[in-house]
Amino acid sequence: MYAMLVDANKNFVWQEVAEPVRGADDVLIEVAAAGLNRADLLQRSGAYPSPPGWPEWPGLEASGRVLEAPAGSRWRPGDKVCALLGGGGYAERVSVPAGMVMPVPAGLDLTAAAGLPEVFATAYLNLAVEAGMKAGDVVFIQAGASGVGLAAIQLAKQTGCKVITTVGSPEKAAFVKTIGADIVVNRKTEDLGAVLEANPIDIALDCAGGPALGEYISKMAFRGRWVLIATLAGNRAELPLDTLYKKRIRIIGSTLRSRTDAEKAAVLQALEKDCWPKIAAGKIKNVIYRVLPIAEATAAHAILERNENTGKVILNVKD
């Protein structure tokens with residue numbers, strides 16, 4: 001089969017590789033499409049390799065049709081599925097633990113479904129599981145126009161929360177309001193600290209981190225939960241320690257990719273039960289920014305590098 005490898009100069013090369021070997025508890029999938037994520041950019045740069053046991057090429061989520069499945073599993077050859085991966089989605093085929101495979105929600109095609117597993121699992125894990133989100137919470141979401149941001153906004157609104165989010169342009173601000181965000185802050189032109197001061201938050205889903213974290217966390221509500229999933233704005237911050245214990249604030253560091261297959265399967269099982277019916281009913285939108293063929297993987301990465309996209313960028317692997 002063919003996969004999109006990264007050469008010594010960080011360029012993509014569509015190259016023949018060995019067929020995946022399906023484990024006894026794995027599902028072999030013929031890949032139709034793969035969703036892009038910022039982790040793919042890091043992996044291409046050499047900073048974020050696939051976990052042991054996964055292919056070396058990028059791709060944290062994919063959709064396609066089942067080719068082979070374990071005996072007695074819920075899956076049958078021909079089933080339309082999407083899957084969370086540790087890597088390997090930029091390829092013609094991939095072998096995935098059965099617990100990390102989900103059905104395509106009713107009404108979605110395979111291309112759209114490729115953009116679901118990583119962002120919705122990340123949002124669900126960190127809001128529902130790690131932070132214990134409940135109705136009435138005020139939820140702050142960094143980068144609301146990203147794939148994870150759009151998923152998180154919708155999950156929070158479906159739970160009955162008030163949502164504050166950040167974006168980088170007026171166009172993105174207008175769009176995230178249509179998704180349900182209550183308060184939208186342009187991080188380039190507006191004072192986020194003042195907004196958080198006026199609206200104490202119960203939960204933060206933060207992919208930015210950086211020096212401003214100390215200021216923002218001090219404005220949390222009593223028993224606030226700040227979930228840090230990345231540090232795009234920098235990996236150093238000075239924190240007000242007295243505020244942390246006086247307000248009983250919890251800082252939660254979280255990643256999805258490094259969790260065990262069993263942990264991921266548990267998250268996906270809950271996600272499918274709680275959210276797939278809402279996607280099928282149109283209550284939660286799967287926002288796709290652009291679809292490109294796998295041969296244009298470099299151009300697809302450039303969209304993310306420029307922070308151009310509102311929603312997911314998808315690579316079509318099979319027409």
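**Stop one: the second largest pocket**

Sort the lining of the second largest pocket by class and you get 10 nonpolar, 2 polar and 4 charged residues. Here Ala, Val, Leu, Ile, Met, Phe, Trp, Tyr, Cys and Pro count as nonpolar, Asp, Glu, Lys and Arg as charged, and the others, Gly among them, as polar. You're looking at a predicted model, where local features need pLDDT of at least 70 and side-chain atom pairs count only at pLDDT 80 or more, while totals for chains, interfaces and linings use all residues. Residues are numbered from 1 along each chain as its sequence is written, and side-chain values use heavy atoms, with hydrogens and water left out.

Select P20, G53, W54, P55 and S95: of the 16 lining residues, these are the closest to the centre of the second largest pocket. The volume of this pocket is about 270 Å³. Now colour strand β6 (residues 93-97), which gives the most to the lining, with 4 residues.

Some ground rules for the tour. The search runs on a 1 Å grid over the protein atoms alone: a pocket is an open set of points with protein on both sides within 12 Å along at least five of seven lines, a cavity is a set of points where a 1.4 Å probe fits but cannot get out, and lining residues have an atom within 4 Å of a point. Grid points are joined across faces, edges and corners, and a volume is the space filled by probe spheres set on the points. Helices (H or I, at least four residues) and strands (E, at least two) are DSSP runs, numbered from the N terminus.

**Stop two: strand β3**

Next, select strand β3 (residues 26-35). Of its 10 residues, 9 are buried, so β3 is largely enclosed by the rest of the structure. Buried means under 20% relative accessible area, exposed over 50%, and partly exposed in between (1.4 Å probe, protein chains only).

Which strands does β3 pair with? Two strands pair if DSSP finds at least two bridges between them. Check these out:

- β6 pairs with β3 in the antiparallel sense over 5 bridges, and L28 stands opposite S95.
- Strand β4 (residues 61-68) is an antiparallel partner of β3 over 6 bridges; look for A33 with its bridge partner S63.
- Strand β15 (residues 312-316) also pairs with β3 in the antiparallel sense, over 3 bridges, and there A34 has L315 as its bridge partner.

While you have strands on screen, remember that in a regular strand the side chains alternate between the two faces of the sheet.

**Stop three: the cavity**

Rolling a probe the size of a water molecule over the atoms shows where empty space is left. A search of the whole structure turns up 1 cavity of 30 Å³ or more, with a volume of about 50 Å³ for the largest cavity. To see its lining, select G115, V119, F120, G147, L150, A151, Q154, K285, N286, V287, G311 and K312. Helices α3 (117-130) and α4 (147-159) are the elements that give two or more residues, and α4 gives the most, with 4. By class, this lining has 5 nonpolar, 5 polar and 2 charged residues.

Now click on T310, in the loop between α10 (297-305) and β15. T310 is buried, with a relative accessible area of 14%. Apart from neighbours within four places in sequence, T310 is in contact (heavy atoms within 4.5 Å) with A145, L150, K172, F175, V287 and Y289.

**Stop four: helix α5**

Select helix α5 (residues 170-179) and show K172, A173, V176 and I179, the buried residues of this helix. Seen down the axis of α5, they fall within an arc of 115°, so they line one face of the helix. That arc is taken from the directions from the helix axis to the C-beta atoms. What do the buried residues of α5 pack against? Their packing partners are α4, β9 (162-167) and β10 (183-186).

**Last stop: L41**

Finish in helix α1 (residues 38-45), where you'll find L41. Is L41 buried or exposed? At 16% relative accessibility, L41 counts as buried. Leaving out neighbours within four places in sequence, L41 touches H301, L304 and E305. Try the distance tool on L41 and D261: they are 220 residues apart in sequence and 23 Å apart in space, C-alpha to C-alpha.
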